[in-house]
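Subject: Structure handover

Hello,

Here is the structure we talked about. Please open it next to this message and read the notes below with it.

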Amino acid sequence: MPHTDLADERLAGLRQRLQGLAYGGDYNPEQWPADTWREDIHLMREAGVNLVTVGVFSWGLLEPRPGVFDFGWLDEVMDLLAEGGVRVDLATPTAAPPSWLAHEHPETLPVDAEGRKIAFGARVHFCPSSPVYRYHAARITERLAERYAGHPALAMWHVGNEYVGFGCHCPVSVAHFRRWLADRYGTVDALNDAWGTAFWGQRYDSFDHIGTPAARNRLVSGPNPGQLLDFARFSDTASLECFIAERDIIRRHTPDLPVTTNFMGSFKHLDYWRWAAAEDVVSLDIYAKPYDPEGQLLAAYNFDLMRSLRGGKPWLMLESATGNNLTGGRNSARPAGQLRVRSLQAVARGADSVMFFQWRASRAGAERFHSAMVPHGGTRTRTWREAVALGHDVARLADLVGGSCDPTDVAMLWDWENWWALEAPDHPSSDLKFTTGILDHYRPLWHANIPVDFAHPHADLSRYRLVIVPNLYLVDDAAADNITAYVRGGGHLLMSYFSGIVDQHDRVRPGGHPGAFRDLLGIDIDELNPLQIGEAYELHHAGHTGTATDWQDIILLNGAEPLATYTDGEQKGQPAATRHRFGTGTATYLGTSPDPETMHRLVLDCATGAGVTPVMDTPDGVEAVHRRAADGTDHLFLLNHTPEEAIVDLDPALSWSVDLLNGHAAVADRLRLPPFGAVVLRHKTH
């Protein structure tokens, strides 16, 4: 049976155990005396909690000395949770090796690019290539899996915690990197060709001569780009090997339970396309700042990314914050009501859970002021009251579990290897940021209530009306051919500057820019011209005058037509954006970074031209998202992310009925959403 079918079976079992969406969070009972545990279970039932993550940082308690195990306290906790009807996402504790491992085997500690050993005292203090670490991680995982297989509380497994893809530079990692390179290239001559080592006389005679890339301040000049890119790939692989080793141990003991690990959304150092394929369900930790005016936008694009990683299937939000989460210099309290709307936003965009870090606020440790479902003030607090109310809301949406979001008409290409290469040093501009480019293109669509998928450049793009390609600097031949074929076959493309420039080894493509996409776009780029800070030029598009900053391609038309032109400066009258008919499709190219209003117009112009329509029109700051239950019943989420009342007009022809959250039996054609208000409308059936 294919892996995806087995994953679906495991997740169906999880849904049956939970009987609805998961609600809860990280539970760390080891931080509290045992007499608190029964109170916790009582409060969990009051709040509607049905799933908690247990054991994430418990290695030192479970194995206080090498090979000496103490599961007594965890046995009691698991039994209490089972008695209370709360299921467990049991974690392997391997993200925080115990002090005895660091003390007895200091070679397991990672080394940074400047040669400094990372000390014990926080977490993730391990070298992923270390065979000693891997041996001990496998042993504690084996003991956990064999002990709790079949336990009535156990519902799923959580491997490690927030893998970081740390690029370790210790001798063990250097040797591992050499083996990885030998497997990848076969011969050192092939590596020399890929890395272009003829430049600066960097040619290698043996894989044994190759090290990990040194920190920039330890080099006379810039590092080799191919070496940097391959080390990023290797570091991702080394961490993934650790995950897979623990996953496989777990599956031997509990083949029917889903296995996951918690992703960190738009996190640079791990290729989550690869990781998602290795687990049963995608899981996310999300900490959009409550006081960030674009927090809801940042959350939405992370939610869309998680949904996209396994082809639109539901995902799990394993961690979020009930309040502040110590990510800024001043961590303000969450506005009243915002917890509800931000949590429901995740469900609207495909999450089968609403969970938090953590259940009970810690008294000690680095995150003692991190918010929790049970704050330091206990059940008398506003946060507790909101958490209980949210639990009731989540229970009302039980029919959505296993359901999916409607198919989208827009895909935005996302490639981690391109991210690594784009932000490497020694480019025309050091200020290009991958996620900035993504958000610049995503923002107009979010404000217009146009849903977006993220897709790998190799993915089948044929079902999308519009494909958006921000700054695809690195692209291999297969991806370039895939994008070209999409347009040739009738697709609409929007591509932005510094795309198609290098191949998979970070070697500049011959023949001039935009490299892989010259014919597709119908242009040549005479010069790449990053603009200086403060430098700006006017551009004109469809009767609108805007501003170009940051970047200016010097574009020569070779079949394309100008879509926007500069109205001042040396490039006055020259194209800032172009459009080209290619095959039966259309390719639009944006050769600069325009102001937000102009960007909004350009992106929506492409969407309209491709026949893309929004979910509905709403006041700015009110999000409209469709999600379907497993039986196909349509649900419309209307989410007011503003501190002001908003009025939403509904199309009476759509026959919406029943506000699932607020208990309305019928819905008028005009809704009043209070500040941070949310409604979920179910489509009337006859």
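Helix 11 lies across strand 6, strand 7 and strand 8 and runs at about 160° to strand 7. Contact here means heavy atoms within 4.5 Å. Axes are lines fitted to C-alpha atoms, for helices over the stretch in contact, and angles run from 0 to 180 degrees between N-to-C directions. Helices (H or I, at least four residues) and strands (E, at least two) are DSSP runs, numbered from the N terminus.

The model is predicted: local features need pLDDT of at least 70, side-chain atom pairs count only at pLDDT 80 or more, and totals for chains, interfaces and linings use all residues. Residues are numbered from 1 along each chain as its sequence is written, and side-chain values use heavy atoms, with hydrogens and water left out.

The three strands under discussion form an open sheet of 3 strands, order 6-7-8, with parallel pairing. Its edge strands are strand 6 (262-263) and strand 8 (316-319), each pairing on one side only. Two strands pair if DSSP finds at least two bridges between them. Strand 6 and strand 7 (residues 283-285) are parallel over 2 bridges. F263 stands opposite L284 in strand 7.

**Cavities**

How many cavities of 30 Å³ or more does the structure hold? There are 5. On a 1 Å grid over the protein atoms alone, a cavity is a set of points where a 1.4 Å probe fits but cannot get out; a pocket is an open set with protein on both sides within 12 Å along at least five of seven lines; lining residues have an atom within 4 Å of a point. Grid points are joined across faces, edges and corners, and a volume is the space filled by probe spheres set on the points.

The largest cavity has a volume of about 160 Å³. It is lined by 17 residues, with I286, A288, S320, R334 and R342 nearest its centre. Helix 11 and helix 12 (338-348) are the elements that give two or more residues to this lining. Helix 12 supplies the largest share, 4 residues. By class, the lining of the largest cavity has 10 nonpolar, 5 polar and 2 charged residues. Ala, Val, Leu, Ile, Met, Phe, Trp, Tyr, Cys and Pro count as nonpolar, Asp, Glu, Lys and Arg as charged, and the others, Gly among them, as polar.

The largest pocket holds about 1000 Å³ of space. Its lining has 43 residues; F57, R123, E162, F357 and E367 lie nearest the centre. Two or more residues come from each of helix 3 (59-62) and helix 11 (295-309). Helix 11 gives the largest share, 3 residues. The lining of the largest pocket divides into 18 nonpolar, 16 polar and 9 charged residues.

The second largest pocket holds about 640 Å³. It is lined by 26 residues, and P213, L228, F231, A232 and H269 lie nearest its centre. Helix 9 (225-253) and helix 14 (416-422) are the elements that give two or more residues. Helix 9 gives the most, with 6 residues. The lining of the second largest pocket has 16 nonpolar, 5 polar and 5 charged residues.

**Helix pairs**

The axes of helix 7 (residues 171-185) and helix 8 (residues 188-195) come within 8 Å and cross at roughly 90°. The two are therefore roughly perpendicular to each other. Angles under 35 degrees count as roughly parallel, over 145 as roughly antiparallel, 65 to 115 as roughly perpendicular and the rest as oblique. F177, L181 and Y185 in helix 7 meet A190, L191, A194 and W195 in helix 8. This contact has 7 nonpolar residues, no polar and no charged.

Helix 2 (residues 35-47) and helix 13 (residues 382-396) have axes that come within 8 Å and cross at roughly 55°. They are therefore oblique to each other. L43, E46 and A47 in helix 2 meet W384, A387, V388, G391 and H392 in helix 13. This contact has 5 nonpolar, 2 polar and 1 charged residues.

**Backbone points**

Most residues other than glycine have a negative phi, and most peptide bonds are trans. A cis peptide bond joins F357 and Q358, with omega about 0°. Q358 lies in the loop between strand 9 (353-356) and helix 13. Another cis bond joins H513 and P514, with omega about 5°. N449 has a positive phi, near 60°.

Best wishes
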